[in-house]
Amino acid sequence: MNQTDLLEEVLHLSRQAGEAIMPIYAKDFAIEYKADESPVTDADIAAHKVIVAGLQALTPKTPILSEESAHIPWATRQTWDEYWLVDPIDGTKEFIKKNGEFTVNIALIRAGKPILGVVHAPALNVSYLAAEAIGAFRECGEARIELKVTQKANTGKINVVGSRSHPSPDLAAYLEKFDDVEMVPKGSSLKLCLVAEGSADIYPRLGPTSEWDTGAGHAVAEIAGATVTKVDGSPLTYNQKDSYLNPYFIVSRLLD
């Protein structure tokens, strides 16, 4: 299957997951907590089942790593050159708060790099989608626009998108390098997408995230033309180590 068709199929699948999520979102739902104290709901599990079944039908030979089925040994994962990276609901805390800022994330990783990704926000009726061979796009209703990052000088007012539910004490120190900062709070992987669409200039993530939190948004931002790097400027990569935790990273459209 070519990338164009595959991207459309994954977008459709993300919307199917959203359709499984929204009836649960609309009512009172049970909240459980994992060993790391992160919340999980019935909607996470429902979306996971939809996505996994759909990806298995699309690409039967491609492994799937989902947040809700992450207990795959490193000895197995390190043999993967290509795999699906899934977060059925990114921003579960936003889901619980019912502010709409949660997303379905599906990314295709090849050789440690996201080459295709979909970020779908079902409560906001907006989707971001990207593939290396095609480009990056924002879709709202029937309108689809291509995203091409315009680089901006590292001077004047800098719009910084940050986590709504995970403030970082390291962020304040980092922001001292800028003369004039306006904070844009946002939940989930939508933060990466705001840089991709130009609504924010930079997203410094100086706090913990896991690879499934970022894979799809990373694809959208980078294919749109933003940089996605570790703090030292080296590329942010995937499935290169036993741990799923990301290092601190920076998503930016600012010129060095």
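The structure is a predicted model.

**Stop 1: the annotated aspartates**

Please select Asp 87, Asp 90 and Asp 213, which an unreviewed UniProt entry lists under "binding site". Although these residues span 127 positions in sequence, no two of their C-alpha atoms are more than 6.3 Å apart, so they gather at one spot. If the largest pocket is displayed, Asp 87, Asp 90 and Asp 213 will be found in its lining.

Next, centre the view on Asp 87, which belongs to strand β4 (residues 82-90). Is Asp 87 buried or exposed? Its relative accessible area is 0%, so Asp 87 is buried. Beyond the residues up to four places away in sequence, Asp 87 touches Glu 67, Thr 103, Val 104, Asn 105, Trp 212 and Asp 213.

With neighbours within four places in sequence set aside, Asp 213 is in contact with Asp 87, Asp 90, Asn 105 and Ser 189.

**Stop 2: the aromatic pairs**

The structure contains 8 aromatic pairs. Select Phe 29 and Phe 95: their ring centres are 4.8 Å apart and the planes stand at 40°, so this pair is tilted. Phe 29 is in the loop between α1 (3-25) and β1 (31-33), while Phe 95 is in helix α4 (residues 92-97); the pair thus links distant parts of the chain, 66 residues apart. Phe 29 and Phe 95 are both buried.

The second pair to select is Trp 212 with Tyr 244, whose ring centres lie 5.0 Å apart with the planes at 50°, so this pair is tilted as well. Trp 212 lies in helix α7 and Tyr 244 in the loop between β13 (227-230) and β14 (249-252), so the pair ties together parts 32 residues apart in sequence. Trp 212 is buried at a relative accessible area of 9%, and Tyr 244 is buried at 14%. Trp 212 is also one of the residues touched by Asp 87 at the first stop.

**Stop 3: charges over rings**

Remain at Tyr 25 and show Lys 98, whose charged end sits over the Tyr 25 ring, 5.9 Å from the ring centre. Finally, select Arg 144 and Phe 137: Arg 144 lies over the face of Phe 137, at 6.0 Å from the ring centre.

Note on methods
Residues numbered from 1 in each chain as written. Predicted model: local features only at pLDDT ≥ 70, side-chain atom pairs only at ≥ 80, totals over all residues. Heavy atoms only, no water. UniProt positions renumbered as here; feature names shortened; annotations may be inferred. 1 Å grid on protein atoms, 1.4 Å probe; cavity = no way out; pocket = protein on both sides within 12 Å on 5 of 7 lines; lining within 4 Å. Helix = DSSP H or I, 4+ residues; strand = E, 2+ residues; numbered from the N terminus. Buried < 20%, exposed > 50% of the residue type's maximum accessible area, 1.4 Å probe, protein only. Contact = heavy atoms within 4.5 Å. Phe/Tyr/Trp six-rings, centres within 6.5 Å; stacked < 30°, edge-to-face > 60°. Lys NZ or Arg CZ within 6 Å of the ring centre and 35° of its normal.
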